[in-house]
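Thank you all for coming.

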Amino acid sequence: MWIADAVRVPSPPALLELLDARERARHDSLVRERDRALYLTAHALLRQVVAGQLGGRAREVRFTHVCRNCDRPEPHGKPGLVGSPLEVSLSHSGDRVAVALSLAGPVGVDIEQVAREVVDLPEVVLAAPERAELERFPAAERPRAFTRYWARKEAVLKATGDGLMVNPALLTVSAPGAPAALLEWRERAEPHRPVRLHDVDAGDGYRAAVAVLGDGCRVVRHEVGYGGDGTLGRPRRG
């Protein structure tokens with residue numbers, strides 16, 4: 001798993017050149033500079049780390065996009081790679097991005113900036129046992145606890161390819177202070193392969209989780225720096 005701050009200088013050409021036509025069009029359609037920075041950093045980083053694992057040039061990496069829930073003709077949904085068993089996922093929130101790669105099975109990663117308040121969100125996102133557990137936290141600590149729940153759930157839903165087409169409240173995950181685990185998935189059978197869920201340090205003010213379907217695996221975290229020369233710095237092991 002690789003984590004980076006969004007590149008804050010306006011759209012470096014060397015990073016833009018890594019994107020394909022679809023990604024470039026999506027980048028250009030974003031109105032806010034902050035959103036463009038997050039999108040560019042996440043997709044350029046994904047291309048860089050995939051090329052580092054498979055060889056070749058980052059701009060030549062070819063992605064597929066599979067949606068389990070509709071038949072819209074334009075590419076969208078969970079990203080995959082053409083001609084490789086390597087599984088990938090990406091996420092961004094606030095000013096940080098995260099990318100995960102796995103050969104152990106389908107992978108989902110989520111990074112979330114800690115919410116300022118969680119007045120109505122628990123009713124929508126959390127299962128009844130999770131809401132009860134959240135109420136046990138002091139009011140000042142609930143945003144951090146809720147964000148831990150949210151990152152874990154979205155990581156699982158990204159790994160399965162369901163995304164937010166599935167109501168997150170149907171999933172029950174472990175309490176924020178306990179090791180990450182999927183405890184229950186109501187109204188449907190759980191994924192055929194075991195769900196391995198891990199919390200990952202994402203820095204102050206953020207929570208992150210990664211889920212892998214399949215055999216157990218070790219999570220290795222890398223922090224990525226920006227060298228200021230128009231390219232992302234070489235990933236550094238965290």
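What we are looking at is a predicted model, in which local features need pLDDT of at least 70 and side-chain atom pairs count only at pLDDT 80 or more, while totals for chains, interfaces and linings use all residues. Residues are numbered from 1 along each chain as its sequence is written, and side-chain values use heavy atoms, with hydrogens and water left out.

The protein comes to six helices and twelve strands, where helices (H or I, at least four residues) and strands (E, at least two) are DSSP runs numbered from the N terminus. Of its 238 residues, 50% count as buried; buried means under 20% relative accessible area, exposed means over 50%, and partly exposed is in between, with a 1.4 Å probe and protein chains only. Among contacts with a separation of 6 or more, 56% are between residues 24 or more positions apart, a contact being heavy atoms within 4.5 Å.

Let us now look at the hairpin. Strand E4, residues 87–93, is mostly covered, with five of its seven residues buried. E4 pairs with strand E5, residues 96–102, in the antiparallel sense over seven bridges, and two strands are said to pair if DSSP finds at least two bridges between them. One of these bridges joins Val88 to Leu101 in E5. Two residues lie between the strands of this hairpin, and Gly94 in the turn has a positive phi of about 60 degrees.

Next come two single residues. Leaving aside neighbours within four places in sequence, Thr172 is in contact with Ala127, Glu130, Ala181, Leu182, Leu183 and Glu184.

Asp201, by contrast, sits in the loop between strand E9 (195–200) and strand E10 (206–213), and it counts as exposed because its relative accessibility is 53%. Not counting residues up to four places away in sequence, Asp201 touches Ile3 and Arg221. Its side chain also reaches the backbone nitrogen of Gly203 at 3.0 Å. The C-alpha atoms of Asp201 and Ile111 are separated by 9.7 Å, although these residues are 90 apart along the chain.

On a 1 Å grid over the protein atoms alone, a cavity is a set of points where a 1.4 Å probe fits but cannot get out, a pocket is an open set with protein on both sides within 12 Å along at least five of seven lines, and lining residues have an atom within 4 Å of a point. Grid points are joined across faces, edges and corners, and a volume is the space filled by probe spheres set on the points.

The second largest pocket has a volume of about 320 Å³. Of its 18 lining residues, the closest to the centre are Met1, Leu101, Ser102, Leu103 and Arg218. Helix H3 (33–54), E5 and E10 each supply at least two residues of this lining, and the largest share, three residues, comes from E5.

A search of the whole structure finds one cavity of 30 Å³ or more. The largest cavity holds about 60 Å³ of space, and its lining includes Val7, Pro10, Glu33 and Arg36.

Conventions. A polar contact is a pair of N or O atoms within 3.5 Å; within protein, one must be able to donate a hydrogen and the other to accept it, and residues adjacent in sequence count only if both atoms are side-chain atoms.
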